[in-house]
Amino acid sequence: MCGERFEVQFRYQMEEREGGFAFYCSHDCHGKAVRGETTGGATCAACRKRFRVELVFQVVRIRGELHHACSEDCRRQILAEAGGARLGLVGAAPEPAPPKEMPLRDPGASPAPRPRRNIAAPSHLAIFNHKGGTGKTTTSVSLAAGFAERGLKVLLVDTDSQGNVSASLGIKAERTLYHVLVMGVRPGDAAIQVRPNLDVVASNETLAAAELYLAGRQNRDRLLRDRLLPGTGSYDVVLLDCSPSLSLLNQNALVAADGIIVPVGCDFLSLVGVRQVIKTVKNVNALLHHPVQIHGVLPTFFDARARICRDSLDALKQHFGDRVLPPIRAATRFKEAPAQGKTIFEFAPDSNAAEDYRRIVDLLVDGPNDTVALAVGT
């Protein structure tokens with residue numbers, strides 16, 4: 001690729017091609033060769049179409065020989081002609097057989113797609129606030145568990161590289177949101193069933209690298225929607241747990257969502273942070289042409305004995321009106337449940353904390369008598 005002389009030290013640096021060998025000094029040069037960047041793209045081994053390689057499934061290694069597939073149909077054709085050889089990672093050593101796929105529907109269900117149940121809230125909800133410490137992850141996990149308890153099929157997606165959803169539920173995932181965004185892995189292959197009716201697409205520190213990948217993409221604000229949502233049709237609710245930042249991943253989450261739940265701590269600084277949330281949502285509507293709306297504002301850490309909490313709740317009601325959901329009372333149970341890898345409904349099912357979130361779930365599923373989504377311009 002670059003003509004630089006070097007000493008071969010790693011397996012990926014030497015590759016057999018067309019009866020000879022090709023040598024690569026770095027992963028960057030190897031990747032450029034695989035993607036066909038210097039030759040105007042790769043040629044599909046099935047339909048002979050020229051295309052630019054962008055996803056892992058488009059590179060197929062069969063008995064040590066490299067092939068390219070422009071689509072999943074072409075990839076299946078190539079593998080069928082080769083007698084069932086499987087996809088290999090580019091430049092990687094042979095791997096054990098992949099784990100059995102997690103089905104998007106119940107194993108005993110019929111092949112027909114599972115019909116989505118209608119609920120009062122939007123079916124794709126982002127739990128979002130720029131300010132940290134407002135209970136976003138607690139709200140995401142509790143709402144997801146509450147929806148599942150009501151019999152809804154739920155997918156919880158962690159879009160925060162801190163991976164607090166995994167820590168809260170005591171899970172460790174081999175495939176994460178990074179693999180969905182960067183490597184083109186289907187959401188059903190990355191999702192883990194953690195409870196009945198509840199699947200999770202986890203995240204960890206690798207998601208920070210995914211944001212760098214997004215920054216270089218032409219459709220960088222919509223990649224999460226394009227890669228994630230087509231594989232979630234069998235879920236009644238998709239919840240997106242967002243990080244406390246103005247990140248590119250948060251923009252992607254808002255574009256993928258139809259509605260937003262904003263957890264707001266009952267203190268002055270949290271009220272100030274809500275203004276930035278409204279500004280961001282307006283920008284998504286105007287600049288990214290996606291009509292996402294604030295569906296509800298959720299007061300958290302509420303203590304009726306504290307004047308600041310009562311004043312904060314009054315201020316929220318004055319600005320957001322009926323979109324203010326019943327407050328979540330402060331409770332030490334919220335801090336203790338993640339340490340046990342349990343939801344609040346499992347750890348303390350009869351507590352005030354569980355009662356408060358059940359009330360919110362009931363409102364989101366059944367809706368009040370006059371459910372009207374809050375327009376962002378209000």
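1. A definition first: buried means under 20% relative accessible area, exposed means over 50%, and partly exposed is in between, with a 1.4 Å probe and protein chains only. By that cut-off, both Phe334 and Tyr357 are buried.

2. This is a predicted model, so local features need pLDDT of at least 70 and side-chain atom pairs count only at pLDDT 80 or more, while totals for chains, interfaces and linings use all residues. Residues are numbered from 1 along each chain as its sequence is written, and side-chain values use heavy atoms, with hydrogens and water left out.

3. Now the overall picture. The protein chain has 14 helices and 13 strands (DSSP runs numbered from the N terminus: helices are H or I with at least four residues, strands are E with at least two). Of its 378 residues, 48% count as buried. Taking contacts (heavy atoms within 4.5 Å) between residues at least 6 apart in sequence, 70% join residues at least 24 apart.

4. Back to Phe334 and Tyr357. A search of the whole structure finds 1 aromatic pair, with ring centres 5.7 Å apart and planes at 85°, so Phe334 and Tyr357 are edge-to-face. For reference, rings of Phe, Tyr and Trp (its six-membered ring) pair if their centres lie within 6.5 Å; planes under 30 degrees apart are stacked, over 60 edge-to-face, and the rest tilted. Phe334 sits in helix H12 (residues 333-339) and Tyr357 in helix H14 (residues 352-366), so the pair ties together parts 23 residues apart in sequence.

5. Next, the nonpolar cores (sets of buried Ala, Val, Leu, Ile, Met, Phe, Trp, Tyr and Cys residues joined through side-chain atoms within 4.5 Å). In the largest, of 48 residues, Val157, Leu177, Leu181, Leu224 and Leu240 touch the most other members. Helix H9 (residues 248-256) gives the largest share of this core, 6 residues. A second, separate core of 38 residues includes Val165, Leu239, Ile328 and Tyr357.

6. Do look at Asn129, in the loop between strand E7 (124-127) and helix H3 (136-149). Asn129 is buried, at a relative accessible area of 0%. Its side chain reaches the backbone oxygen of Pro263 at 2.8 Å, and a polar atom of that side chain lies 3.1 Å from the backbone nitrogen of Lys131. Beyond its neighbours within four places in sequence, Asn129 is in contact with residues including Thr134, Ser243, Val262 and Val277.

Technical notes
A polar contact is a pair of N or O atoms within 3.5 Å; within protein, one must be able to donate a hydrogen and the other to accept it, and residues adjacent in sequence count only if both atoms are side-chain atoms.
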